[in-house]
Amino acid sequence: QVQLVESGGGLVQAGGSLRLSCAASGTIASITAMGWYRQAPGKQREFVASITGGGSTDYADSMKGRFTISADNAKNTVYLQMNNLKPEDTAVYYCAALGVHTGSVFGDYWGRGTQVTVSS
């Protein structure tokens, strides 16, 4: 079994910064990529950013230049540095571990989410 635990969410004023962390634990042989998604009230979950095991990154257009994803592969941990936050960034942020090989199964895993609230 694989568990993902997010941390670092909270309340911040517009223009401020937050850093989210997500640690994957359990029986993990390899992870293809880790990423962040978010879901605002009344909206569908949307892609934020991802990073592969080789360090290649991808961002949603609205996050480019403001958000930075990074990872510590040795710790199976991914980070999301969010700068110049806007009220529309308010959402529950979910961590995902994609293409996880546990040695016996291969699948995707999700964290329970962390709330980010940006006040105007």
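I take a disulfide to be a pair of cysteine sulfur atoms within 2.5 Å. With that criterion I searched the whole structure and found one disulfide.

**Basis of the entries**

I note that this is a predicted model, in which local features need pLDDT of at least 70 and side-chain atom pairs count only at pLDDT 80 or more, while totals for chains, interfaces and linings use all residues. Residues are numbered from 1 along each chain as its sequence is written, and side-chain values use heavy atoms, with hydrogens and water left out.

**The disulfide**

I looked up the partners and found C22 bonded to C95, with the sulfur atoms 2.0 Å apart. The link of C22 and C95 is left-handed, with -80 degrees about the S-S bond. It joins distant parts of the chain, since C22 belongs to strand β3 (residues 18-26) and C95 to strand β9 (residues 91-101), 73 residues apart. For these elements I used DSSP runs numbered from the N terminus: helices are H or I of at least four residues, and strands are E of at least two.

C95 counts as buried because its relative accessibility is 0%.

I next listed the contacts of C95, a contact being heavy atoms within 4.5 Å. Not counting residues up to four places away in sequence, C95 touches L4, E6, C22, M34, G35, W36, V78, Y109, W110 and G111. I also checked T52, which is 43 residues from C95 along the chain; their C-alpha atoms are separated by 14 Å.

**The chain as a whole**

I counted zero helices and eleven strands in the protein chain. Its radius of gyration is 14 Å, close to the 14 Å that the globule rule gives for 120 residues, so the chain is as compact as a globular protein of that length. The radius is taken over C-alpha atoms, and the rule is 2.2 Å times the number of residues to the power 0.38. Along the principal axes, the C-alpha atoms fill a box of roughly 45 × 25 × 20 Å.

Of the 120 residues, 42% count as buried. Among contacts between residues at least 6 apart in sequence, I find that 54% join residues at least 24 apart.

I recorded 9 positive and 8 negative side chains, the centres of the two sets lying 4 Å apart. Here Lys and Arg count as positive and Asp and Glu as negative, with His and the chain ends not counted. Each charge is placed at NZ of Lys, CZ of Arg, CG of Asp or CD of Glu.

**Positive phi at two asparagines**

Which loop holds N76? I located N76 between β7 (67-72) and β8 (77-82). N76 is not a glycine, yet has a positive phi of about 50 degrees. Its relative accessible area of 23% makes N76 partly exposed.

N84 lies in the loop between β8 and β9. N84 likewise has a positive phi of about 50 degrees without being a glycine. I class N84 as partly exposed, at 43% relative accessibility.

**G10**

I found G10 in strand β2 (residues 10-13), and G10 is partly exposed at 24% relative accessibility. Leaving aside neighbours within four places in sequence, G10 is in contact with L18, Q115, V116 and T117.

Conventions: Buried means under 20% relative accessible area, exposed over 50%, partly exposed in between (1.4 Å probe, protein chains only).
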